[in-house]
Amino acid sequence: MKVTYDFSGRTVWVAGAASGIGRALALACVDVGAEVVAADIDAVGLQSLSDLRSQRLHTEVLDLSDAQAVQRLVDQTVQRTGRIDAAVITTAIQKRAPIDEMDIALWQRHLDVNLSGVFYALRSVFPVMKQQRSGSILAFTSGLAQNGWPGAAAYAATKAGLIGLVKCAAHELRPYGVRINAVSPGLVATPVFLSSASADELAMYERSLGVSEPQEVVETLLHLLSDGSRSISGNVVERRLIPRAPRSQSGDLGH
């Protein structure tokens, strides 16, 4: 059975669009007719993205931890397109260190990007979507929020906090017909994961569940953004991987 989507006339904002899941989703949304604002702090990655599409894909350099910059981008988007129908916040950092060895600045940077940055995005898009009385928002949590991992305390703590933020937001948005969900995408070969996991950790995952490519997450996200999920809000949507055979020796997790 095939599923098709039509996002024509809709505006989708993707934060963290220069690579990984955000990049794959931004391109997919353009392909189904949406006007896409692709934002990221990685200007080089955004340039390579914009080289692939034109007209309905707009790239903007953005540090999600800068509340004023987030508000400016939302305001500019509404001025240009008149609306924001979906906001997908994939931006995150994960730099591992044992708790007793973690630099305070590194801890704070995780909070600023992974949690406060999501809050800034929500605070900026809420008025737009409330006025429209429609919209869908996705933020990304992680299995580490519940399971933990050595050295991942800052990342796991922010991803756990994000769940509480999303659930409160769902209550506030429900009277306006606006939806928000947290997505736990499972093991995905994104730069954040590949740059933080050890070689032994990657090998363990490949022997057990396997590691998804970013494109494999896109169908779930398109469904959650579409009208087909108009009754789903305030949930943590988990992608549970089915164990599969390891990749060939020549396979590269980064591609």
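Two residues are said to be in contact when heavy atoms of theirs lie within 4.5 Å. The structure discussed here is a predicted model. Its secondary structure consists of 9 helices and 7 strands.

**The protein as a whole**

- The protein has 255 residues, and 49% of them are buried.
- Its accessible surface amounts to about 12,400 Å². Carbon and sulfur atoms account for 52% of that surface.

**Helices α4 and α6**

- Helix α4 covers residues 104-132 and helix α6 covers residues 153-173. Their axes come within 9 Å and cross at roughly 15 degrees.
- Angles under 35 degrees count as roughly parallel, so α4 is roughly parallel to α6.
- The crossing in which α4 passes α6 is right-handed.
- On the α4 side, the residues that meet α6 include Trp107, Leu111, Val118, Phe119, Leu122 and Phe126. On the α6 side, the residues that meet α4 include Ala153, Tyr155, Gly161, Leu162, Leu165 and Leu173.
- By class, this contact of α4 with α6 contains 15 nonpolar, 4 polar and 2 charged residues.

**Helices α1 and α9**

- Helix α1, residues 20-31, packs against α9 at an angle of about 60 degrees, and the two axes are 9 Å apart.
- The helices α1 and α9 are therefore described as oblique to each other.
- Their crossing is right-handed.
- From α1, the residues Ile21, Ala24, Leu25, Ala28 and Cys29 take part in the contact. They meet Gln215, Val217, Val218, Leu221, Leu222 and Leu225 of α9.
- The residues of this contact of α1 with α9 divide into 10 nonpolar, 1 polar and no charged.

**Two buried residues**

- Ser229 is located in the loop between α9 (215-225) and β7 (236-238).
- Buried means under 20% relative accessible area, and Ser229 counts as buried because its relative accessibility is 0%.
- Asp40 belongs to strand β2, which spans residues 35-40.
- Asp40 has a relative accessibility of 12%, so Asp40 also counts as buried.
- Apart from neighbours within four places in sequence, Asp40 is in contact with Gly16, Ala17, Ala18, Ser19, Leu46, Glu60, Val61 and Leu62.
- Asp40 and Arg23 are 17 residues apart along the chain, and their C-alpha atoms are separated by 9.8 Å.

**Tyr120 in helix α4**

- Tyr120 is part of helix α4.
- The C-alpha atoms of Tyr120 and Gln71 are 7.8 Å from each other, while the two residues are 49 residues apart along the chain.
- With neighbours within four places in sequence set aside, Tyr120 is in contact with Leu64, Ser65, Asp66, Ala67 and Val70.

**The backbone at Arg133**

- Arg133 is found in the loop between α4 and β5 (135-140).
- Most residues other than glycine have a negative phi.
- Arg133 is not a glycine, yet its phi is positive, at about 60 degrees.

Note on methods. Residues are numbered from 1 along each chain as its sequence is written. This is a predicted model: local features need pLDDT of at least 70, side-chain atom pairs count only at pLDDT 80 or more; totals for chains, interfaces and linings use all residues. Side-chain values use heavy atoms; hydrogens and water are left out. Axes are lines fitted to C-alpha atoms, for helices over the stretch in contact, and angles run from 0 to 180 degrees between N-to-C directions. Helices (H or I, at least four residues) and strands (E, at least two) are DSSP runs, numbered from the N terminus. Angles under 35 degrees count as roughly parallel, over 145 as roughly antiparallel, 65 to 115 as roughly perpendicular and the rest as oblique. A crossing is left-handed if the near helix is turned anticlockwise from the far one by less than a right angle, and right-handed if clockwise. Ala, Val, Leu, Ile, Met, Phe, Trp, Tyr, Cys and Pro count as nonpolar, Asp, Glu, Lys and Arg as charged, and the others, Gly among them, as polar. Buried means under 20% relative accessible area, exposed over 50%, partly exposed in between (1.4 Å probe, protein chains only). Accessible areas come from the Shrake-Rupley method with a 1.4 Å probe; for residues, only the protein chains shown count as cover.
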